[in-house]
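Subject: Structure handover

Hello,

Here is the structure I promised to pass on. Please open it first, then read my notes below.

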Amino acid sequence: MTEWEYAKQIIETIEQHGGEAYIVGGAVRDYVLGSLPDDIDLATSLFPEEVMMLFPKSVPTGIEHGTVTVIIDHRPFEVTTFRSEGSYSDSRRPDNVALGVSLEEDLLRRDFTMNAMAFHDGQVVDLYGGQHDLEERIIRTVGSPFERFNEDALRIMRALRFMSQLDFALHGELREAAKELGHKLEQIAMERIAIEFEKLLTGPAYKKALAEMVDLGIHRYLPNVSTELMRQVQQDERTPVDAASGWALFLHHAIDDTWLVPWKRSNVVKREARTLARLCETGLNEMNIYATDEHLLSTYFKMHGEEDLSHELKQSLPIQCRKELKFNGRDALELGARGEAIKQLLANLERRVILQKLPNHETVLREEAKRWLQRAGVS
Ligand code: ATP
Ligand code: MG
């Protein structure tokens, strides 16, 4: 069964129990655009407790804003009760959400017209001109962009990331509102901004979106992002292919290892970005091929739009890891080495084997080790 068929099943079950349910949000946008959505979200007139009673495998993943995750055949579907949002006093979270409103109101709270459509029974419910804007390839807020960005400034970042992902233009009034209200991004949690920025960087029109961001002055509210840095990233011929490689381009041009810190990314992403940035600096050589995970080398090739030779390069090295070296710490101890000398000796032999200056051969390495220790004054 396809995702749509599962979603239909959920809708039917809800309707059999007297409720209304629709596919909503990004899935409807993608459907109208003729592409397959990543995930399908549903909206319903039923309350979360009622949804949980109908579907034995369901998890209250966001019950305070009406969301239950229904699991069918190991696939998750977010089912959210129709809701409207009360006033926003802080430009980021509504002071309260009201459950049990109409579909019309639920769609009205959504950010952009293209994201404010619903789908049911083969029909698109399009109350705010989403299909028209998709045809025109324009991103437009539902209602006044000044009001909508005042409520939640993250929508400015979202507009730019959809611009990149879809290669759309921003509506004129939306641009004006973004210029005027960009400073409100300072009130938004950095993690949420960073997630949208990552999606922007990996979209096909990311250069256009970055240029628009500078035109609108939005980059000034992002940490460590100067106009010059934005220009350098746009001029770079490498392309971000995932979050880590996107950040790597900024790190590479910023020439500052701490550049990523205020963005609050995970340790894995930070480490990968640093590794990729360093590879961009030096190019590939035996030592960094040895030290870098194959999947990151693969990313490196993809960023450069080159054939992925990561596997072949890794395999062409004489050894893949320290364990494969035919000389180890115990051998060094036997030769009288201790502590720091062992570490240095192993690193030295490992390096020469990788660079093919020495064969990975027990007796040869042992003789070399003796010589090294003599020179180091150990024995
Ligand atoms: P993607 O395909 O990248 O997941 P999406 O449109 O599904 O895109 P989500 O962030 O998953 O984006 O949000 C789901 C839906 O929730 C959106 O389509 C939109 O209707 C609504 N939405 C999300 N964030 C906001 C927001 N900040 N303000 C208003 N509506 C929002
Ligand atoms: Mg989504």
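This is a predicted model: local features need pLDDT of at least 70, side-chain atom pairs count only at pLDDT 80 or more; totals for chains, interfaces and linings use all residues.

**Ligand 1**

Start with the ligand. There are 13 residues around ligand 1. Arg29, Asp152, Arg155, Arg158 and Arg161 come nearest. Asp152 places a polar side-chain atom 2.9 Å from a nitrogen atom of the ligand. Arg110 also uses its side chain: a polar atom there lies 3.1 Å from an oxygen atom of ligand 1. With Asn115, the backbone is involved instead. One of its backbone N or O atoms is 3.0 Å from a ligand oxygen.

**The nonpolar cores**

The largest nonpolar core has 102 residues. Which of them touch the most other members? They are Ile23, Ile139, Phe197, Met213 and Trp263. Helix α7, residues 154-166, gives this core its largest share, with 8 residues.

Trp263 is then in contact with Met190, Ile193, Ala194 and Phe197, among others. Its contacts also include Leu222, Pro223, Val225 and Trp247.

**Asp133**

Now a charged residue. Is Asp133 buried or exposed? Its relative accessibility is 1%, so Asp133 counts as buried; the cut-off is under 20%. Asp133 sits in helix α5, which covers residues 130-136. Beyond four places in sequence, Asp133 touches Thr113, Ile138, Arg140 and Phe168.

**Helix α19**

Last, one helix to trace from end to end. Helix α19 runs over residues 362-375 and has 14 residues. From first C-alpha to last, α19 reaches 20 Å. That is close to the 20 Å expected at 1.5 Å a residue. Five of its residues are named as buried: Leu365, Glu368, Ala369, Trp372 and Leu373. Look down the axis of α19 and the buried residues fall within an arc of 135°, so they line one face of the helix. Part of what covers them is α18, residues 339-354. After α19 comes Gly377, with a positive phi near 80°.

Best wishes

Definitions and conventions. Residues are numbered from 1 along each chain as its sequence is written. Chains are lettered from A and ligands numbered from 1 in the order in which they are written. Side-chain values use heavy atoms; hydrogens and water are left out. Helices (H or I, at least four residues) and strands (E, at least two) are DSSP runs, numbered from the N terminus. The expected span of a helix is 1.5 Å times one less than its number of residues. Buried means under 20% relative accessible area, exposed over 50%, partly exposed in between (1.4 Å probe, protein chains only). The arc is that of the directions from the helix axis to the C-beta atoms. Contact means heavy atoms within 4.5 Å. A nonpolar core is a set of buried Ala, Val, Leu, Ile, Met, Phe, Trp, Tyr and Cys residues joined through side-chain atoms within 4.5 Å. A residue is near a molecule or strand if one of its heavy atoms lies within 4 Å of it. A polar contact is a pair of N or O atoms within 3.5 Å; within protein, one must be able to donate a hydrogen and the other to accept it, and residues adjacent in sequence count only if both atoms are side-chain atoms.
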